[in-house]
Amino acid sequence: MSADGPERAHAFKKGGHIVIVGASLAGLRAAETLREEGFTGSLTMIGDEPDQPYDRPPLSKQVLLGMVPAEHTALPRRREIDADWRLGVPAIGLDLDAHRVRLADGQEIGFDRLLIATGVRARPWPNENERDLDGVFVLRTNGDAARLRRRLAARPRRVLVIGAGFMGSEVASACRELGLEVTVAERGPVPLVGALGGVIGSVVARMHREHGVDLRCRVTVTALEGDPSGRLRRAHLSDGTAIDVDAAVVCLGSIGNTEWLAGSGLAAGPRGVACDAGCRAFDVNGIVTDDVFVAGDVARAPNPLYEYNFLFLEHWGNAVAQAEVAGHNMISCGSARRPHLAIPAFWSTQFGVSIRSVGVPTFADEMMVMQGSLEERRFVAAYGHRGRVTAAVAFDQAKWLDFYRELIMAAAPFPPSFVPVDRPPVMRSMSPEFPDPALPSHGATVTITGHLPNDQRVVFTPARA
Amino acid sequence: MTPDTMLKRITDYGSRADPYPLYAELRKTPVARQEDGTYVVSTYWEIHSLLHDPRISSDRRNLAGPWADPDIEEEDATLPPSMIRLDPPAHDRLRRQAMRPFGPPHSPEYVDSLRPELAGIVGGLIDGFEGKGQVDIVDDFAYPFPVTVICRILGVPREDEPRFRDWVDLLVSTLDLAAWDDPAERQRTAQRARLELGRFLGELVAARSRKPGDDMVSALVTGHGPDGPMSQLELISTAVLLLIAGHETTVNLITNGMLTLLRHPHVLERLRREPELAVGAVEELLRFEPPVHLLPQRVTLADIEIAGVLIPKGAPMTLVLGSGNRDPLRFDDPDRFDPERRDNQHLGFGSGIHTCFGAPLARLEGQIALVELARRLQNPRLVADPPPYRQNPVLRGPRHLLVEIDGIAP
């Protein structure tokens, strides 16, 4: 059943079949929106993980600290969704022409409309033998978090965190809070350089060191070495040194869960599935599909505020907002459809500091500290691109960010000329010191991926000696 | 009616019982310049945006041009302004220091730990209604309850209440700009009342410095956090603020709450059977009948344009929270009291960095008080509707709320 005209749309809303692949935050919120807005047809939820939808942000914070068990982060439900749940079985294929999803257990499920919300997964350690050593961890699922928590609770002598993006920094922070020795190895000059730039990254570097982290920048991990029983014992770094470690947490960013779409004809790759602002998927020819929608971390959508670049966002709030738009648009037609134009927003808590950002910091050639002070790590910094405000980052000053969001929406001039409270003695514009985008980086949680649906401009190269 | 006299109309005592029609009128001009040069902002999104705008100061020393106030420095020399009148970084530091013994991240469980004690005080006050056919919800309940609570929290002896009562009343009355013909007289009075309260609380601070107890003033005196302790004068300013803000607003929350419930008997009846309704009911009360209606004396640090109006640098602004809370552009059916309202991001506690410090305590006090009043008062009936109101347009609420009852349930 296709749903172009109002009558067919109405029939679809009453009796169509929607399949949602991906049973996490975006999938759940989309399902709730569908029901909220009157979809009475049948709904199938497919998820590769065995559990009901759960929340991930606590996994790298409260769960590692032992404050909350990993299995206790189930997402609160907004309403009943009356779905046929297929959990623990991944989707492995999509036949667009036949409108069918193929599951790993051999089943095939037909749909009238499909929502792809398969998210991303942790990028694994590139060396497969080393990856399987006892003591090498990634952190994405509640299972990952439970395993890592158990290891941390057993008090390893030293933990190695590979990569100082947001995840790596949060893990290092949790280790220090638990009183564990921790070494962080970061390829860039400072932590978070890919996401926030070198100026703010230097502030974060000081936070690491003042909290007792052995932070080593401009190095990569060249090898993880195990003992004969397969336990991790040592890590070798690109500067020729080696450190004895019992645990290593690989925090090298993420990859879109799109392998199952290979050959489907959709514009899908490691950086997600391209879709329009209304969440409709693009096919490889750059033509928008009618019945396939995308939402959450796996989506790559154009944003007019950022010159219609496609953004690949790993943000909790974006997953929710985009899922609501996708759900709405799946059962609406014509002008009733809405665009997903939310301004990206992100938070992290590490070393006792609340970090928040709005906009796209990487979409900037200048920055300026507007309020507070970098030295006291209590500030708001605005980012600008070609003379307009494109982002703002706050350390322990989150309550001002609504104002900066409005500046971003209004494309207000950069540098801003106004006089705020708590202004630094000298206000000057400077380079945010982002690394050359051609160089590999893994810290950003927003990636600018160019204009074409098939563009795969940014390619990650795993660390090699 | 012209927009430039609206604030006068609102602060006029005759408008106290029902200012909402005036607010609706006022919202037609979201930013209205008053005759005295004050800018009044009455619509939700504009207020919300100003409360997060770093070009807006809470520090009166930034009044400039025709609004400059030469006496401020001198005033502040005797007792420094409290955090409510300061901007970052001083505001942020004082708030962090004050929050350390009171809430997250350092004392996340403190307010909840007061629950049994709050229930005990509420129970005792309602027990006192035994044998009476008529009670005053204000004098017999909504005033003594939060006063007792804030005294215990701060470590002020409850029997000292008569010592600070008059000074608090006087200081609160100076918030009502319209009630004073002579602004200088108003400021002198405020100054004197603050100093007297400061002297009174200074004795407490000195006593706790010598011999700390388990109260908040003692915790602030020792101040073990990374910011260290407050200075003696900062501590006294903070104690004055917490003592006043800790009860003057809660009186209104509870009284407005009981009045609203008596006007909506089906909600009162539901609350009796479903005490869990109290959480949403208190949120809705904070929207529908907020304890603080006006935020006076914010100041622009630059010329700013909002809703098409240019507010010049250094100008005073008054944000009408009570009006923003009834803005139909933000809330569906805003004049309806709906304890199950969803998406209720009201302005009852303000917003931004000065968001009510005691909000978690006020919520808990309101919930416990209303649930117990609903449960125990038998057949409560309003004696007068509307009841007589307090003079104050800023901290708006009934002065008395007489209720007839058939008795009390155990």
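**Questions on a two-chain model**

Reader: In what order do the 6 strands of the open sheet in chain A stand?
Author: The 6 strands of this open sheet have mixed pairing, where two strands pair if DSSP finds at least two bridges between them. This is a predicted model: local features need pLDDT of at least 70, side-chain atom pairs count only at pLDDT 80 or more, and totals for chains, interfaces and linings use all residues. Residues are numbered from 1 along each chain as its sequence is written, while chains are lettered from A and ligands numbered from 1 in the order in which they are written. The order in chain A is E3-E2-E1-E7-E21-E20.

Reader: Which are the edge strands of chain A's sheet?
Author: Strands (E, at least two residues) and helices (H or I, at least four) are DSSP runs numbered from the N terminus. The twist averages 30 degrees from one strand to the next. An edge strand here pairs on one side only. The two are E3 (84-87) and E20 (280-282) of chain A.

Reader: How many residues of E23(A) are buried?
Author: A residue is buried if 20 or more other C-beta atoms, placed from the backbone, lie within 10 Å of its own; with 12 or fewer it is exposed, and in between it is partly exposed. A:Asn309, A:Leu311 and A:Leu313 point one way, A:Phe310 and A:Phe312 the other. E23(A), residues 309-313, is mostly covered, and its buried count is 5 of 5.

Reader: Which residue takes a positive phi in the hairpin of E22(A) and E23(A)?
Author: E22(A), residues 299-303, pairs with E23(A) in the antiparallel sense over 4 bridges. A:Ala301 is set opposite A:Leu311. The hairpin has 5 residues between the strands, and the positive phi, near 55 degrees, belongs to A:Glu307.

Reader: Which element gives the largest share of the side of chain A that touches chain B?
Author: 12 residues of chain A are in contact with 13 of chain B, a contact being two C-beta atoms, placed from the backbone, within 7 Å. Strand E26 (366-373) and helix H10 (401-409) of chain A each give two or more residues. The largest share, 3 residues, is from H10(A).

Reader: What is the handedness of the crossing of H15(B) and H17(B)?
Author: The axes of H15(B), residues 278-288, and H17(B), residues 359-376, come within 9 Å and cross at roughly 115 degrees. Axes are lines fitted to C-alpha atoms, for helices over the stretch in contact, with angles from 0 to 180 degrees between N-to-C directions. A crossing is left-handed if the near helix is turned anticlockwise from the far one by less than a right angle, and right-handed if clockwise. This crossing is right-handed.

Reader: Which helices do the buried residues of H15(B) pack against?
Author: H15(B) has 9 of its 11 residues buried. Among them are B:Ala281, B:Val282 and B:Phe288. Their partners in chain B are H13 (232-263), H14 (265-273) and H17.
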